[in-house]
Amino acid sequence: MTRGKKAALWLRRAKIVAVNLLVLGALLSLVELSFYTAIRMPGLLSLCPERVRDAVKVMYWVFDTNNVQYDRSCAMYDPRLAYTLRPGSCTFTNPEFKTVVTANSRGFRSPEKSLDRPAVIVAGDSQAMGWGVEDRETYAFLLEQTLHESVLDTGVSSYGTVREMTASAPFFSPRLKALVIQYSDNDYNENLTFAETGRLPIMDRAEYEGLVAKNQRASSYKPFQYLGFSLFTMRLWGAYEKNEVLAPSAEKQAELFVNALAPYEKDLEGVRLVVFEVGAYNKPTDTIKGLGRMKAKDPSRPLFRKMTLIDLAPKLSRQDFYLLDGHLNRQGHAKVAAIIARALAEPPR
């Protein structure tokens with residue numbers, strides 16, 4: 001083969017490689033653009049297969065979520081609880097919502113007057129706080145309208161049972177009629193630490209400020225961040241289940257939950273307890289069933305005598321949660337408020 005023919009052959013091969021690389025680049029760019037678009041236009045997710053939806057959800061929480069507890073305009077450091085909501089009003093947004101969050105002087109999403117010996121306290125994490133809904137759409141607010149009693153919502157994003165009780169206890173009084181506690185699977189680690197050490201270590205201000213800075217950077221898009229995460233961390237379409245941590249047993253979670261309430265057992269004598277679980281995307285841990293078994297074994301324990309356990313999972317549907325974000329939406333909060341109101345109107349069971 002002459003030198004000219006060899007050169008022409010190598011040129012043809014180079015062109016083929018170049019075309020293949022261009023096609024591959026275009027395909028990868030298309031995949032990245034699809035993830036980028038799905039997160040910013042979540043309505044499109046309803047058209048996607050479940051595995052794709054799950055992959056997008058994981059990437060949303062890793063890269064794009066604005067966490068209210070680390071949003072400087074909405075929250076602030078607290079040496080006792082790590083953070084509370086910042087008194088006043090702020091605008092809290094994520095792709096599926098834009099809401100106004102108003103907090104009282106103690107950093108909770110309830111009117112100032114509710115701090116004065118409330119009749120009902122609603123404790124929990126972001127679901128109880130009302131992540132993604134307006135002040136007048138939370139189930140705590142709706143419950144107050146139904147009961148015509150003062151309701152204090154001490155729920156703050158990512159609080160576990162230990163901090164929920166720490167936040168609520170200063171407002172226990174002889175006027176307290178009911179304590180409504182929302183459980184979530186992310187309570188586990190906090191409750192476990194408390195059980196193992198007898199205390200709950202709270203991050204210092206420097207660590208909190210670092211998380212605030214990280215939250216601010218979350219909105220800065222980096223080229224091919226979704227595709228890279230999919231390929232090297234999530235193995236593309238097998239995303240969600242590969243990133244899920246195996247949950248501890250319902251019995252263990254129930255045991256740790258009761259241990260977190262135990263220091264307040266005497267203070268809660270005569271107070272109606274309503275406990276239910278709401279986690280992201282309505283994926284329960286069966287902790288309520290575990291609590292039911294504990295209650296059946298020791299029904300005379302004061303903590304259990306006035307406790308009502310509600311299994312919410314069958315009562316809620318996918319339409320009650322944001323598709324991408326996984327929190328209760330306005331419809332979901334209305335349902336939960338109605339269920340709690342009915343439970344409070346009946347004897348403990």
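A residue is called buried here if its relative accessible area is under 20%, exposed if that area is over 50%, and partly exposed in between, with a 1.4 Å probe and protein chains only. The model is a predicted one, in which local features need pLDDT of at least 70 and side-chain atom pairs count only at pLDDT 80 or more, while totals for chains, interfaces and linings use all residues. Residues are numbered from 1 along each chain as its sequence is written, and side-chain values use heavy atoms, with hydrogens and water left out.

**Aromatic pairs**

Begin with the rings of Phe, Tyr and Trp (for Trp, the six-membered ring), which pair if their centres lie within 6.5 Å, and which count as stacked with planes under 30 degrees apart, as edge-to-face over 60, and as tilted for the rest. The structure holds 17 such aromatic pairs. Select Y77 and Y208, a tilted pair with 5.8 Å from centre to centre and 45 degrees between the planes. The two residues are 131 residues apart and link distant parts of the chain, since Y77 belongs to strand β1 (residues 75-78) and Y208 to helix α7 (residues 205-217); helices (H or I, at least four residues) and strands (E, at least two) are DSSP runs, numbered from the N terminus. Y208 is buried, with a relative accessible area of 2%, and Y77 is buried too, at 15%.

Next, select F92 and F97, another tilted pair, with 5.4 Å between the centres and 55 degrees between the planes. F92 is buried at 0% relative accessibility, and F97 is buried with a relative accessible area of 8%.

**Charges over rings**

Now show R40 together with Y36: R40 lies over the face of Y36, at 3.8 Å from the ring centre, where such a placement requires NZ of Lys or CZ of Arg within 6 Å of the ring centre and within 35 degrees of the ring normal.

**Strand β5 and its partners**

Finally, select strand β5 (residues 120-123), both faces of which are covered, with V120 and V122 buried on one side and I121 and A123 buried on the other. In a regular strand the side chains alternate between the two faces of the sheet. Strand β6 (residues 151-153) runs parallel to β5 and is joined to it by three bridges, strands being paired if DSSP finds at least two bridges between them. Look for I121 opposite L152 in β6. Four bridges join β5 to β7 (residues 178-183), also in parallel, and there A123 has I181 as its bridge partner.
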